[in-house]
Amino acid sequence: MIGLISATAAGAAARDRLAAAWPERTRVYDGPVGDAVRRAFAECEQLVCFLATGAVVRLVAPLLGDKADDPGVVCVDEGGRYAVSLLGGHGGGANELAREVGALLAAEPVVTTATDAVGIPGLDTLGLPYEGDVAGVTRALLDGEPVALESEVVWPLPPLPFAAGGDRRVRVTDRAGEPAAGEVWLRPPTLVVGVGASKGVPVEEVLGLISRVCEDAGLSPRSIAELATVDAKAEEHGIVEAAARLGVPVVTYPAGELAAVEVPNPSDAPLAAVGTPSVAEAAALAGGGELLVPKRRSERADGLPAMATCAVVRRPGRGRLAVVGLGPGARDLLTERAKAELRRASVLVGLDQYVDQIRDLLRPGTRILESGLGAEEERARTAVAEAREGQAVALIGSGDAGVYAMASPALAEASDDIDVVGVPGVTAALAAGAILGAPLGHDHVSISLSDLHTPWEVIERRVRAAAEADIVVTFYNPRSRGRDWQLPKALGILAEHRAPGTPVGVVRNASRADESSRLTTLGELDPAWVDMMTVVTVGNTATRNIAGRMVTPRGYRWQESELSRQAAPSEEGAR
Ligand code: SAH
């Protein structure tokens with residue numbers, strides 16, 4: 001819950017805007033300010049105070065406890081110009097909250113935590129459980145002092161300026177133990193615990209077994225990624241609740257699938273009960289990996305028969321490949337998600353001109369593998385190879401990276417030993433459409449006129465099909481110095497089915513500094529206007545130039561007279 005505290009009328013107005021926008025997340029604390037802050041501090045995970053920072057510092061100072069438990073505090077000034085992350089920037093989430101509040105109130109977020117300021121991610125923000133001297137080691141990283149990285153398991157970390165030497169280090173490990181002075185241990189989610197259980201198993205029995213097994217094997221329970229079991233136990237309270245307390249999901253498999261997994265200790269009891277000779281070992285192994293702890297049975301103090309079994313598997317580390325669309329050019333058409341993935345990556349792969357487009361967003365230490373035009377296959381292979389090594393890789397493309405771009409060659413190359421994340425981008429056809437008006441209001445298709453990788457006969461067949469089906473067409477790669485006859489030829493095919501007056505939009509460098517566009521017709525288009533920075537959108541037989549805008553009606557019936565619309569008013573929304 002976010003507690004909201006204000007003193008003045010202006011503060012109250014801003015406070016009410018937050019409360020209205022986030023009714024579920026916020027609670028307003030009325031009454032004398034000091035008292036309100038004290039109550040909110042005790043009851044909420046976060047506070048937004050519409051008060052001067054000085055006032056808030058004085059009020060919360062006596063309440064401060066531990067950095068790990070104190071709420072995050074954000075102050076918004078009287079003028080509503082700044083949202084200041086005052087306390088609990090990382091742990092309390094105040095930096096993120098300041099950004100959210102800023103976005104909502106059109107205030108500038110003010111974040112002074114060093115790691116955010118210089119673009120190095122805090123070791124406490126990596127999404128991994130951590131132990132040890134986070135503040136000290138992060139400060140050393142920031143100050144450029146050597147901090148070594150010791151990865152016992154492969155994990156795709158964002159870029160961090162690690163260097164050998166010195167006595168500080170970050171260990172990525174699922175092994176049990178205590179970090180020494182100057183160390184931070186990160187806990188990657190590598191362990192899968194297979195769990196078998198009799199009906200009605202107490203949650204304490206499951207948790208007790210898991211923690212004993214981890215302890216004996218020298219493994220950290222904080223590296224448990226999931227509990228795995230058989231489908232028939234998906235609702236077993238003891239397992240579900242144990243997973244909830246560990247903060248991990250329960251993954252279940254059909255008995256038939258588990259029966260096919262080779263295990264060291266099959267037995268008859270589960271075969272009779274659920275139809276597989278092994279639950280714990282088979283479920284732990286079903287997703288692949290190395291069996292670290294074979295099946296163990298719980299021990300019960302009361303001497304009754306054990307109700308739970310478990311086995312532990314370590315999954316091989318997985319690299320991460322993000323395929324990121326950068327949009328057509330303008331920074332504000334680059335999505336937040338794309339930005340986050342660019343900052344998440346330790347390796348960036350892309351065409352040099354696209355890298356230039358986002359270089360300023362990359363974190364220091366990001367390894368950039370850029371190459372020139374034409375090296376597509378090699379770029380795809382490089383990106384996948386880096387991800388296989390366990391890196392966090394971003395493979396970038398303009399527009400949408402899946403549209404005539406890098407996603408397909410990369411994914412054709414990748415097997416299921418890496419995680420792949422796709423971030424959609426605004427493709428050229430959409431960027432151009434928005435500039436032209438509403439040319440894509442009904443069925444439309446994109447066709448690339450590049451016959452470098454596609455035989456011209458195939459392209460021509462598709463253009464003809466679009467022509468015959470009266471579909472709006474956007475041509476990508478329409479014309480280059482060496483390819484000049486394809487566009488006139490394609491337009492000629494469309495002209496066999498569409499009138500010379502059919503609107504055609506030509507957009508060059510959509511959303512870039514030298515954007516230009518013109519609305520012409522099939523009969524008047526001059527191919528000389530068109531180059532490789534251009535898309536050409538040809539309307540269908542219903543497309544019109546209305547007040548200089550290209551408009552394709554949503555349905556042919558839509559256009560019919562007022563009369564038919566009155567006859568069937570309820571169809572309006574369905575068209
Ligand atoms: N993945 C890209 C397309 C790559 S193919 C996307 O989704 O947009 C390259 C072709 O896309 C260019 O020849 C041009 O036809 C078109 N294109 C890409 N960006 C453009 C822009 N900003 N303005 C106009 N056309 C663009």
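Which residues are linked in a network of salt bridges? In this predicted model, the network takes in Glu150, Glu152, Arg169, Arg171 and Glu183. A salt bridge here is a side-chain nitrogen of Lys or Arg within 4 Å of a carboxyl oxygen of Asp or Glu. Side chains of opposite charge can pair when their charged atoms come close.

Residues are numbered from 1 along each chain as its sequence is written, and side-chain values use heavy atoms, with hydrogens and water left out. As the model is predicted, local features need pLDDT of at least 70 and side-chain atom pairs count only at pLDDT 80 or more, while totals for chains, interfaces and linings use all residues.

Now for the overall picture. The protein has 575 residues, and 46% of them count as buried. Buried means under 20% relative accessible area, exposed means over 50%, and partly exposed is in between, using a 1.4 Å probe and protein chains only. Taken along the principal axes, the C-alpha atoms fill a box of roughly 90 × 70 × 65 Å. The secondary structure comes to 19 helices and 28 strands; these are DSSP runs numbered from the N terminus, with helices (H or I) of at least four residues and strands (E) of at least two.

Back to the charged pairs: the whole structure holds 34 salt bridges. One of them joins the side chains of glutamate 131 and arginine 187, at 3.1 Å from N to O. This pair links distant parts of the chain, 56 residues apart, with glutamate 131 in strand β7 (residues 130-132) and arginine 187 in the loop between β10 (183-186) and β11 (191-197). Glutamate 131 is buried at a relative accessible area of 17%, and arginine 187 is buried too, at 1%.

Another salt bridge pairs aspartate 216 with arginine 296, whose closest N and O atoms are 3.2 Å apart. Here again distant parts of the chain are linked: aspartate 216 belongs to helix α7 (residues 203-217) and arginine 296 to strand β14 (residues 290-297), 80 residues apart. Aspartate 216 counts as exposed, with 52% relative accessibility, whereas arginine 296 counts as partly exposed at 23%.

Glutamate 376 and arginine 379 meet through their side chains in a salt bridge of 3.5 Å, N to O. The two are 3 residues apart in helix α14 (residues 376-388), so about one helical turn separates them. Glutamate 376 is partly exposed at 29% relative accessibility, while arginine 379 is buried at 4%.

The space it takes is the largest pocket. On a 1 Å grid over the protein atoms alone, a pocket is an open set of points with protein on both sides within 12 Å along at least five of seven lines; a molecule sits in a pocket if more than half of its atoms lie within 2 Å of its grid points. Of the 20 residues around the ligand, Val403, Thr427, Ala510, Met532 and Thr534 come nearest, a residue being near if one of its heavy atoms lies within 4 Å.

Backbone atoms reach the ligand at several points. A nitrogen atom of the ligand is 2.9 Å from a polar backbone atom of serine 398, and a ligand nitrogen is 2.7 Å from a polar backbone atom of valine 403. For threonine 534, a backbone N or O atom lies 2.6 Å from an oxygen atom of the ligand. On its own the ligand has 540 Å² of accessible area, and the protein covers 93% of that; such areas come from the Shrake-Rupley method with a 1.4 Å probe.

Threonine 26 lies in strand β2 (residues 26-28) and counts as buried at 11% relative accessibility. The side chain of threonine 26 reaches the backbone oxygen of tryptophan 22 at 2.7 Å. Alanine 311, found in strand β15 (residues 308-314), is buried with a relative accessible area of 0%. Alanine 311 is 16 residues from lysine 295 in sequence and 4.6 Å from it in space, C-alpha to C-alpha.

Helix α16 (residues 428-436) has Ala429, Ala431, Ala432, Gly433 and Leu436 as its buried residues. After α16 comes glycine 437, with a positive phi near 135°.

Conventions: A polar contact is a pair of N or O atoms within 3.5 Å; within protein, one must be able to donate a hydrogen and the other to accept it, and residues adjacent in sequence count only if both atoms are side-chain atoms. On a 1 Å grid over the protein atoms alone, a cavity is a set of points where a 1.4 Å probe fits but cannot get out, and a pocket is an open set with protein on both sides within 12 Å along at least five of seven lines; lining residues have an atom within 4 Å of a point.
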